[in-house]
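Here is a walk through one structure, with the sequence and the coordinates to hand. Have a look first, then read on for the details.

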Amino acid sequence: MNKDLRRERDSASFNPELLTHILDGGAERTRRRREIEALVLNDPDFQHEDLNFLSRSQRYAEAIRKSALMVVKLREYGIADPDEIYWFKRTFQGSFVEPLSLHFSMFTNTLQNQCTVAQQDKWLPPTYGLQIIGTYAQTEMGHGTHLRGLETTATYDPATQEFILNSPTVTSIKWWPGGLGKTSNHAIVLAQLYTQGQCKGLHAFIVPIRRLGTHEPLPGITVGDIGPKFGYDEMDNGYLKMDNFRIPRENMLMKYAKVEPDGTYVKPVSDKLTYGTMVFIRSLIVGESARSLSRACTIAIRYSSVRHQSELKPGEPEPQILDYQTQQYKLLPLLATAYAFHFVGAYMKKTYHRITGDINQGNLSELPELHALTAGLKAFTSWTANAGIEECRMACGGHGYSRCSGLPDIYVTFTPSCTYEGENTVMMLQTARFLIKSYTQVSSGQLVSGMVSYLNDLSGQHIQPQQVAARPTTVHINDPASLVEAYKLRASRLVEAAAKNLQAELNRRKSQEDAWNRTSVDLVRASGAHCHYVVVKLFTTQLSEINDAAVHAVMNNLCLLYALYGISKHTGDFLQAGILTDAQVTQVSQRVKELLAAIRPNAVALVDAFDFHDNHLGSVLGRYDGNIYENMFEWAKKSPLNKTEVHESFHKHLKPMQAKL
Amino acid sequence: MAQWNRSGYFRSSGSRDVNPDLEAERQTASFSVERLTAILDGGADNTRTRRAVEAVIHSDPGFSRENQYFQSQNERYEAAVRKSVYLKERMHQMGWTEDGPEIKYCFRALGGDLAFNVHRVFMNSILALGTDEQIAKWIPLADKYHIIGTYAQTELGHGTFLRGLETTAIFDISTQEFTLNTPKISAMKWWPGDLGRSATHAVVFAQLYIKGKCYGLHAFILQIRSLRDHSPAPGVIVGDIGPKMNFEHIDNGYLMLQNINIPRENMLSRFSQVLPDGTYVKRGSDKINYLTMIVTRVQILWTEVIPMLLKACTIAIRYSVVRRQSKLNPGDPEAKILDYQTQQQKLLPLLATAYAFHFMNAYVNEFYNKGYTEIKQENFDSLPELHALTSGLKAIITDYCTAGAEVCLRACGGHGYSALSGLPSLYTKLAASCTYEGENTVLFLQTARFLVKCLAAVHSGQPIPPLAAYLSSVDSGKCQAWTKMDFLKPDIYAEAYRHRATRLLGNAATKLQGLVQSGAEQHEAWNQCTVQLVQAAKAHCHYIVVKNFIATVEKLRNEAEIQKIAKHLCDLFALHGIFSNTGDFLHAGYISRDQMDMVTASYLNLLAVIRNDAVPLVDAFDFTDESLNSALGSYDGHVYQRLYEWAQKSPTNQQVSQAYASYLKPLFQSALSKL
């Protein structure tokens, strides 16, 4: 092992293994996770060349091979628990994706949740066996965010008892669904249902798209790959165009809404049920934000301990770059953020499971709030992680730019989460809508509960001219609980400001929508402040659950760093609301730097605690043993340009020029 | 309008009609786009020359960028080599010279996808550091591509810290040769462009040793590949460093040297020489070359970096008026996404930034010309200032442009993520600029070091370089704005930026001094202040850019309409900067809380004003469709048709993949009987 890394590990003030247990949710889960990871890591069937050296087509084929292999292996090992499947999958995927991911998630889930019993009997067995592979075709070229604007039509023909599917315009072509381009032979298509001359809105249909046996597109179906992207090379995101394509009436998913043989439309009971799935998916994205950022931090911090550059003190050996304050300032707040987001993800997952229990008992009361608030958290964490991964990459200088660092792959794979499952700005505005609604409730004398209950403190503000934030408060900058209060005040101040600006716009113009649009910058800020508060609060709460004193001490510092760094990046909000004085703001930025110095000696142990196996990390710079330079050389030798000692372009283009010598 | 000259080389889709949503935006422009284009080009003559060059390049199938997004690393590299050789030929035919005005327009038209950029650095380094004989020997060969060179400085273990480079060149008096070695793995040359596959020669930087004594870094020319069969020279291990985030067309390489002997004449010896008896001689000052080098380095900003932000804005803004999503008012058609305030907030400040940076070019040139004249007269006073200016500007411009391109990418939603949007490649190219030619944090700290010295000069009453003269002016202490309209006065916001820059520098310097006085060692004190020093340097650069934007707007007094829109952009750039850094301005009370609300109000109003001219403002950049190479950003706005047409050309749709036959077919067979 590289001597710098060894020294870093030897001098850690706590046992990283204990922290790993906390992150996994218990020592037993850590043990089981490692056991499952070993199944993949020790299996030669899952070995392959670095995907960075392969063409898109080869990467796609490799990913398909592994997905099919996984299904076989999971069956062989008898692994069925969703968490365990997830551990298995992420170990062989590393930073990459699989064309079958929508099949395993959205396609299967939708069949499970929206099929009648008869439909389930027909479709689920072949789906589980991969005899049919499906995708979820919702997004169209012209519409993503605005679902009601989707243009694909499904027109019921009672004469034949069939639906006729059509893509009436270029913009209505289904575009982006993963696994659609080349892999799937079926798709769940969302289309505007027309029956008896009326549009009944969006409904889901199961549509065969390729012929079983030959895999050729069926007549009336045009399907293909949408071409290269920023990342997701292994994924055949696809397009789908349908021309008078007929499917039987039974192919409409009819657990909720129905079309009778004569064309009579029967309305669904509640549409809130789909909220549950969305909350679940958002909790996954928050978890993925934490994980992607953790991996990036692991790479950047290990590399910063191994890399030496310049001199701090003339005459002395070059220091590790992690000893530079500017480098600590880039990386350690991100490390704290990775931990914070991990706890948010765990909280969301727990809440989802609790609420699912309630839903099964018919209690949907908590769903709207959870749905609205998780939207913002999805946006807040994915935006922050997205920027953080790039910060980590740039902190590795030129070498971060090489694919061997693994950082470009983490970034390009993660960044679409800012857009998919709800574009982030739109998500922030959804949360804002709930915040404004709650604020209005409070203003009219009602109390609100849950994560927005701090707005209750605003009660009576309409008779009291004094701003909420003007109330005297004392913030103790070394006390996480006090910082939670500061964040809470900031959130209420920004929600209040947005609400007032919205009202002012309403007073000036009549349209609700116009006023909303003209206040949306304020609304997004308010949402952001709210989410920031939630994250600080959840991190702080987590501290009380840590028993080991040494781990507690280091986590307390990380929590303080997260909170104080956030304040130092938004001093304007805290100053403008009068939550902090000028002097306190100065103290905060000083304290941030003290914390950097305090956390620095534990930085490597803190990333070790994430417990990413080298294969999963996929990075030469982030190797556990720190032997970077020799392995960069080994990696480079495998580059496609090095396949031949003299490249063919020499003979084609250069030699003719040089022949004149 | 900018449309008139496009008919000649309008490609793709075959139709000349423009998307009505985009057309409508052009109808209401408040100024002449053609006039603004001429201003941006530095005169209508330049615009004419540029368009003539673009017409030649784009009408030539040898330069086509079609299908570029579908090519492998190997294919991209080969295409770049082919085009570079071909461009040489075409330039010769057209009578365009290497130092003529056309060459930069060629690069612009080709979107930079050429090889041999570092070959040019190789030549420049010989011209700068070589003796007349060395120049006479090597330059004609390099000029005709009879040899291809690279500039091998960076090593695996060292980039920023040049003194730490480990390659050695040991002089042997008995043979009159230098022996070059890579003593350990971290000393391997790593990253130089054109090295991996193309170069036959290299300028290699190595620690010079004579009789056991190290004389520091010097440059040596050596041959690394055979001119006959291109095989590596004996003792040379050379190759490509593998895939990167972008620059697939460039063969960034590694180079390992094992006892390579080169004649004494191969050390570049304009400023230092090793005599046959091993005597080391230093002569003259290389400062004029140093000056030329820093400025050449900075010119990359205006020829490569800033144009990429301009392109990203063009693509994102055009797409944002073609894309309609959701409804602003029930009953209305779906709104153009640029009508959403949140979308304006993402894109329009970037548009203002693009203009702000573009206008810095004249400012830097002025500084350079003044410095050049002085240095010719052996007066080196302005060198530190120019170094500080260019370091800080390089860092702030590459930081902002990179972040900006990423915002543009995400502002285009899912389609921005498609390579066909052109945005991923713009972003990933820009991302490299934050580390090449000086890592940005290191550069900010160099500017900070200069500013700290200037501040000390202010306190001790010594003369201060013009760049930092503002540090000595008296501070009013409070912002003088009374209404939100006051924040549209350049004096008001310029003063706020000045105050911020002065205050942040003052705080950092005070802390530094305090630490030193309390006994900390100088280097440790410096390290403990670096976060604040970087912030101070950024504030300084921000102020310089704001001030220059104001001055540029003033100079447009004979162009009433253009001056008006430029003033809006300047206001937006300045107010967005305040809005995004409220803490810096509120802290210490220069801007009050009430005033900050005014800033916000004025800033948001400006978004709505500039919104109306957003498309004409990007049209004025006058990028051809070919150079944008974007399915989302074309002049005609036929976004969806183009996405569909281009996607169908993807190799994934043209070639048969083994995946189905090998892995899927066996699975699907068993469903045949059941469905």
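## How chain B is divided

Chain B splits into domain 1 (35-115), domain 2 (147-283) and domain 3 (292-465 + 485-621). Keep in mind that this is a predicted model.

Let's look at domains 1 and 3 of chain B. Their C-alpha centres lie 29 Å apart. On the contact side, eleven residues of domain 1 of chain B touch 16 residues of domain 3 of chain B. Between them, domain 1 and domain 3 of chain B bury about 1,200 Å², with 63% of that on carbon and sulfur atoms. Which residues of domain 1 of chain B lose the most area to domain 3 of chain B? They are B:L36, B:L40 and B:Y69, together accounting for 53% of what that side buries.

There is charge pairing here as well: the count between domain 1 and domain 3 of chain B is two salt bridges.

## Helix 2 of chain B

B:L36 and B:L40 turn up again in helix 2 (residues 33-41) of chain B, where the buried residues are B:V33, B:L36, B:T37, B:A38, B:L40 and B:D41. What covers them? The cover includes helix 3 (44-58), helix 9 (341-358), helix 17 (560-580) and helix 20 (614-619) of chain B.

## The nonpolar core

The largest nonpolar core counts 310 residues, and A:Y339, A:M555 and B:Y355 have the most contacts inside it. Helix 8 (residues 287-322) of chain B supplies the largest share of this core, 20 residues.

Take A:Y339 as a case in point. Setting aside residues up to four places away in sequence, A:Y339 touches A:L19, A:L23, A:F539, A:M555, A:L558, A:L606, A:A609 and A:F610. A:M555, one of those partners, is also on the list of residues with the most contacts inside the core.

## Salt bridges across the sequence

Side chains of opposite charge can pair when their charged atoms come close. Over all chains, the structure holds 77 salt bridges.

In chain A, A:E234 pairs with A:R59, their closest N and O atoms being 2.7 Å apart. A:E234 sits in the loop between strand 7 (221-225) and strand 8 (238-242) of chain A and A:R59 in helix 4 (residues 56-77) of chain A, so this bridge ties together parts 175 residues apart in sequence. Are these two buried or exposed? A:E234 is buried, because its relative accessible area is 2%, and A:R59 counts as buried at 6%. Elsewhere in chain A, a network of salt bridges links A:E17, A:D24, A:R33, A:R34, A:E37, A:R90 and A:D611.

B:E25 and B:K336 meet in a salt bridge (2.7 Å, N to O). B:E25 is in helix 1 (residues 20-27) of chain B and B:K336 in the loop between helix 8 and helix 9 of chain B, 311 residues apart. Both B:E25 and B:K336 are buried.

Then there's B:D584 with B:R500, whose closest N and O atoms are 3.0 Å apart. B:D584 belongs to helix 18 (residues 582-586) of chain B and B:R500 to helix 15 (residues 490-517) of chain B, so the pair ties together parts 84 residues apart in sequence. B:D584 is partly exposed at 23% relative accessibility, whereas B:R500 is buried at 5%.

UniProt, in an unreviewed entry, lists A:E421 under "active site". Where is A:E421 found? It's in the loop between helix 12 (407-414) and helix 13 (424-443) of chain A. At 40% relative accessibility, A:E421 counts as partly exposed. Leaving out neighbours within four places in sequence, A:E421 is in contact with A:I281, A:I285, A:K378 and A:M427.

A:G578 is in the loop between helix 18 (571-576) and helix 19 (582-599) of chain A. With a relative accessible area of 28%, A:G578 is partly exposed. Its C-alpha atom is 9.9 Å from that of A:R493, a residue 85 positions away along the chain.

Key:
Residues are numbered from 1 along each chain as its sequence is written. Chains are lettered from A and ligands numbered from 1 in the order in which they are written. This is a predicted model: local features need pLDDT of at least 70, side-chain atom pairs count only at pLDDT 80 or more; totals for chains, interfaces and linings use all residues. Side-chain values use heavy atoms; hydrogens and water are left out. Buried means under 20% relative accessible area, exposed over 50%, partly exposed in between (1.4 Å probe, protein chains only). Helices (H or I, at least four residues) and strands (E, at least two) are DSSP runs, numbered from the N terminus. Contact means heavy atoms within 4.5 Å. UniProt positions are given in the numbering used here, feature names are shortened, and annotations may be inferred rather than shown by experiment. A nonpolar core is a set of buried Ala, Val, Leu, Ile, Met, Phe, Trp, Tyr and Cys residues joined through side-chain atoms within 4.5 Å. A salt bridge is a side-chain nitrogen of Lys or Arg within 4 Å of a carboxyl oxygen of Asp or Glu. Domain bounds come from an automatic or database domain assignment. Buried area is the accessible area (1.4 Å probe) that two parts lose on being put together, summed over both.
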